[in-house]
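Hello,

Here is the structure I promised to pass on. Please open it alongside this email.

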2 protein chains.
Amino acid sequence: MTHDCSFLEALALADDQLSFAMGRREPRAADWGTQDSDEAVVPDAVVWPESTDDVSAVLAAATDHGVPVTPFAAGTGLEGNAVPAHGGISLDLTRMDDVIEYRPEDFQIDVGPGIIGTDVDEYVADDGLFFPPLPSSGDISTVGGMVATDASGMKTVKYGEIADWVLGLEAVLADGTVIETGSRAVKTSSGYNLTELLIGSEGTLGVVTRVTLRLAGRPEQIRGGRAIFETLEDATEAISDAIRTEVDVARIELVDELSAGMANDYLGTDLPDAPMVFLEFHANHGVDEEIDLCRTIFEGHDVSRFEMSDDDAEMERLWKARRELAYAVRSYDPDLEPLHPGDVTVPISAYPKVVREAKRLGEQRDLLVPCFGHAGDGNVHYSVLVDPDDPEMVDRGERLYRDLVELALEFGGTATGEHGIGLGKRRFLEPEHGAGAVETMRAIKRALDPTDTLNPGKLFPETLEGERVRERGPTDGD
Amino acid sequence: MTHDCSFLEALALADDQLSFAMGRREPRAADWGTQDSDEAVVPDAVVWPESTDDVSAVLAAATDHGVPVTPFAAGTGLEGNAVPAHGGISLDLTRMDDVIEYRPEDFQIDVGPGIIGTDVDEYVADDGLFFPPLPSSGDISTVGGMVATDASGMKTVKYGEIADWVLGLEAVLADGTVIETGSRAVKTSSGYNLTELLIGSEGTLGVVTRVTLRLAGRPEQIRGGRAIFETLEDATEAISDAIRTEVDVARIELVDELSAGMANDYLGTDLPDAPMVFLEFHANHGVDEEIDLCRTIFEGHDVSRFEMSDDDAEMERLWKARRELAYAVRSYDPDLEPLHPGDVTVPISAYPKVVREAKRLGEQRDLLVPCFGHAGDGNVHYSVLVDPDDPEMVDRGERLYRDLVELALEFGGTATGEHGIGLGKRRFLEPEHGAGAVETMRAIKRALDPTDTLNPGKLFPETLEGERVRERGPTDGD
């Protein structure tokens, strides 16, 4: 579907803030998760707002003209979150990347949504501060995108998710109204928590134009390293035990034996193709006690190697297999491609069971299913590798992918710990939350954006009018 | 206004679940903050639900009949949060106080809303667990009430507020629909965050019928004690410095010299009438290093005494002035009563300024204004003492009370860090959040509760139809 966006020319935008050129529109029809999707639609126009006023003017006019607006920034989403489903305007926020105000005396910084995550870290580094909850893509993803999906990452096990570090927002609603949420106080009981409502709403309720972030002091002691186990059961049970013993760990990442093998191939390393756990510890004192506690727990699960260092280069070396893993998986077999990225998250006691089931199903159905990810959060990233030219195999893969989501939901977990729903996981919204909760979400959407201007087609398995959306998934129809 | 609640007799409630007796209705027209308020209205009926089904049936019928429902439990709110403003039904949730499911392997517990905070602690104590964010009234307040106001307390400086420990809720909407929010995973990016929307909404969007809480392991090392300073400036700057140095403190409470004097009088102790800071440290190791760091910072602000202990009885003794302070303030002068409890919260760098201004205004306007509270959060509790029979003094006190809220808002803070808006702080909602945000909150309220069944008259300075509510405050009309 296409929309007439010529009304944009009447707005007070500079020439370089608006484009109808295919060369600018097309790149905004794909993100990291939708390269090959036919659900992602090329927008009819791209606008680069440079101020809150620009955003407000575009949204008011778009709502007036019944044209969809999909906020976009780095394009690193994994579920098509920022890719238009219904055409219209791609609102590219990358130019709103300023540090608006920095208050080191309160560990706070106000930034534009387009700022890159690690640029925040760099800006505050001289004061010994950092922004803890960055996702793995923090060096290319924007803070606005992280807010939109309530992103998290490796350090969430210690520091929490993005939402835990956002004190307030400025956002523009569909009709152009600018609102401010939250406060600069570290806690408040005043009114509805609009900040948390907007975080993770994937641009469907408002466009975030300013984010007030909390910062933390950098820890004085950092140690990093790696443990290698004989069996996957040992590795996952060791992780689960460590978390339940409240070992103060800042990163604790699983790489299963299949992924380890792929990484060894890719990097040319001669490590065993065995389950690995990557660790980092942050503390102001007592880091060695925490490492000892972790080692003791791991020894109870027959850890075969446990290497830790305080040297940056050595830590980097020990972590290499984890850091390069996504590339290793993609390079493993030129005929195979990973299906949508698995992102289930479960209570920590269920973590070993989900990983075990992923492997069991892979073997049973003759599919490669490397598992890895932010184990300490109970977050299992899994890739189902399929030959995209083999429809039967794709279908088999889709079923395995879905079965693992359903298993996670049976354990009271979530279909998506950190990537959001976007296009890819709409079919799991209702199984996870139930019809009543989804209808409540939809009522909020209707109240705040009655014309469905903002990022339509995302999150909900049905349109606001109740029409079921077409979606990816296995062909067996259940 | 009164409402005909006879329709309740047709519901499947036992005899002892419904009362129209004045002796049962009247106690539900007051909480800790509204003893003398004429805004609190006696409900027309009291219902004690014993199940989610009961709550659902009552809400559906009440909405049908256009009768307000105000959830009530321990009655320890400080802003009339759970006291009917428009009559109707007081929904007393104290019987829904079960532990529904306990999952120690995941540090999680599902409880009914009526359970007392410390009963959770007791239930999980044998596993070495505790529920960290309890407010000071945790031994009499219910978890449901804490969720309704997003309560926090002394340990929030280390552990966060209630919202940080709630993974999910079951709630009943105005029309009787039962929804479940959140999940048992420690993080999720799936859909709108209805959990956080309901937390702090003071029963205006739904009635919480089950709360899934996270728990923490009890720290191995606990030390507690007290510091005494020469001047209030020294005390507040020392606190601010300690927080900005990220001293790992679990409680850090101010008691100003006026409050200290009241406590000395009340307890018959011979401590100096000087500003005091009460401290508690929790750690698994390194607690002494943190105490040393704190002492060093305090010495930079001329601390005159710094006493710390690991002995329970001695800690209790050192803390006595803080623990008994509320009673000491109330007992100080039989002719004076505290006005509404101040609860402003500001960024930590502004904390000394707000406390200083409270004292300055008190002296300038000839009013006693004891200040105390959860200093580490930037949370200033202040009592303005007035003779309730002296209208000029009450008015002077109201103005001082308001001026401090306005000052906090100028610093980007909040009118209420932990008590909620209720009846008492409605006039500050819009100054704090702006018209756009308040209208957004109201749009959500209309979407979820279009008939304004749930706790009407609370939070918003206007009715859903836009009629301005009458409210306490100074008589000068600005």
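Below is what turned up in it.

This is a predicted model, in which local features need pLDDT of at least 70, side-chain atom pairs count only at pLDDT 80 or more, and totals for chains, interfaces and linings use all residues. Residues are numbered from 1 along each chain as its sequence is written, chains are lettered from A and ligands numbered from 1 in the order in which they are written, and side-chain values use heavy atoms, with hydrogens and water left out.

Confidence. pLDDT is the predictor's confidence in each residue, from 0 to 100. Chain A has a mean pLDDT of 95, and 96% of its residues reach 70 or more. For the complex, the predictor gives an ipTM of 0.96 and a pTM of 0.97.

The annotated domain. UniProt, in an unreviewed entry, places "domain: FAD-binding PCMH-type" at residues 39–218 of chain A. UniProt positions are in the numbering used here, feature names are shortened, and annotations may be inferred rather than shown by experiment. The span is 21% helix and 24% strand, and its end C-alpha atoms lie 43 Å apart. Helices (H or I, at least four residues) and strands (E, at least two) are DSSP runs, numbered from the N terminus.

Helix α3. This helix of chain A covers residues 117–124. Its buried residues are A:Gly117, A:Val120, A:Asp121 and A:Val124. Buried means under 20% relative accessible area, exposed over 50%, and partly exposed in between (1.4 Å probe, protein chains only). What do the buried residues of α3(A) pack against? In chain A they pack against β5 (99–103), β6 (108–111), β7 (129–130), α4 (143–149) and β10 (207–214). Contact means heavy atoms within 4.5 Å.

Aromatic pairs. The whole structure holds 18 of them over all chains. Rings of Phe, Tyr and Trp (its six-membered ring) pair if their centres lie within 6.5 Å; planes under 30 degrees apart count as stacked, over 60 as edge-to-face and the rest as tilted.
- A:Phe130 and A:Tyr159 are edge-to-face, at 5.5 Å centre to centre and 85 degrees between the planes. A:Phe130 lies in strand β7 and A:Tyr159 in helix α5 (residues 156–159) of chain A, so the pair ties together parts 29 residues apart in sequence. Both A:Phe130 and A:Tyr159 are buried.
- A:Tyr401 and A:Phe428 have ring centres 6.3 Å apart and planes at 45 degrees, so this pair is tilted. A:Tyr401 is buried at 0% relative accessible area, and A:Phe428 is buried at 3%.

A:Phe130, A:Tyr159 and A:Trp165 form one aromatic cluster. A:Lys158 lies over the face of A:Tyr159, 5.6 Å from the ring centre. In chain B, B:Lys158 lies over the face of B:Tyr159, also at 5.6 Å from the ring centre. The test is NZ of Lys or CZ of Arg within 6 Å of the ring centre and within 35 degrees of the ring normal.

Positive phi. Most residues other than glycine have a negative phi. A:Asp150 has a phi near 45 degrees. A:Asp150 sits in the loop between α4 and α5 of chain A and is buried at 6% relative accessibility. A:Glu246 has a phi near 55 degrees. A:Glu246 is in the loop between α7 (232–244) and β13 (251–255) of chain A, partly exposed at 31%.

Best wishes
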